[in-house]
Amino acid sequence: MADAGRINLTNQFLIAMPGMADETFAGAVVYLCEHNEKGALGLVINKPIDIKLKNLFEKVELSLTRDDLAEEPVYFGGPVQTERGFVLHERLSDASSPYSSTLAIPGGGLEMTTSKDVLEALSHGAGPKKILVTLGYSGWGAGQLEDELGRNGWLPGDAAPEVIFDTPIEQRSGRAVALLGIDPRMLSQE
């Protein structure tokens, strides 16, 4: 039986508060893919790194034929397993995912895939239309995220796919805060 008092932030944004002690997450917006009693897993959606998708595809010996994706950045998803790729994408259909390692995210219409087959599909011009690729992920052990929330490290709020896929990178944090009905300038370290 689920703990009635436990919060579940799956399919939510975590917005780093201005006083975020961990420099890794300063200014970050994390999309939470999973949150349960064992911990949480999310991907930072607003910290591009110096690698374009076409370069990432070359590294795994695939060609990227989709011009709309070639110049898209790869993102820093978080400090855990930074050598591994994580693909956040829209669900292709109501059926189960065609990819071998996919986490369906309840409530959001999104999935996160860690297997190379999603990249292979994209290299053939198939696969999901909207994607965000990260190296690494953000992870929290049991109770760790709740502790950080209690110390005002993060502001949780409803996620919106259009912020992840259609909003310019530099506007994602402000848009995520605006979804809460808050003016980002009103956030302080207190």
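1. Contact here means heavy atoms within 4.5 Å. Leaving aside neighbours within four places in sequence, Asn 46 is in contact with Gly 27, Ala 28, Val 29, Tyr 75, Ile 169, Arg 172 and Ser 173.

2. The model is predicted: local features need pLDDT of at least 70, side-chain atom pairs count only at pLDDT 80 or more, and totals for chains, interfaces and linings use all residues. Residues are numbered from 1 along each chain as its sequence is written, and side-chain values use heavy atoms, with hydrogens and water left out.

3. Asn 46 belongs to the loop between β3 and β4 (48-52); strands (E, at least two residues) and helices (H or I, at least four) are DSSP runs, numbered from the N terminus. Asn 46 has 11% relative accessibility and counts as buried (under 20% relative accessible area, with exposed over 50% and partly exposed in between; 1.4 Å probe, protein chains only). The Asn 46 side chain reaches the backbone oxygen of Gly 27 at 2.9 Å and the backbone nitrogen of Val 29 at 2.9 Å.

4. Leu 180 is located in the segment after α6 (172-178). Leu 180 is partly exposed, at a relative accessible area of 31%.

Notes: Polar contact = N/O pair within 3.5 Å; in protein donor to acceptor, adjacent residues only side chain to side chain.
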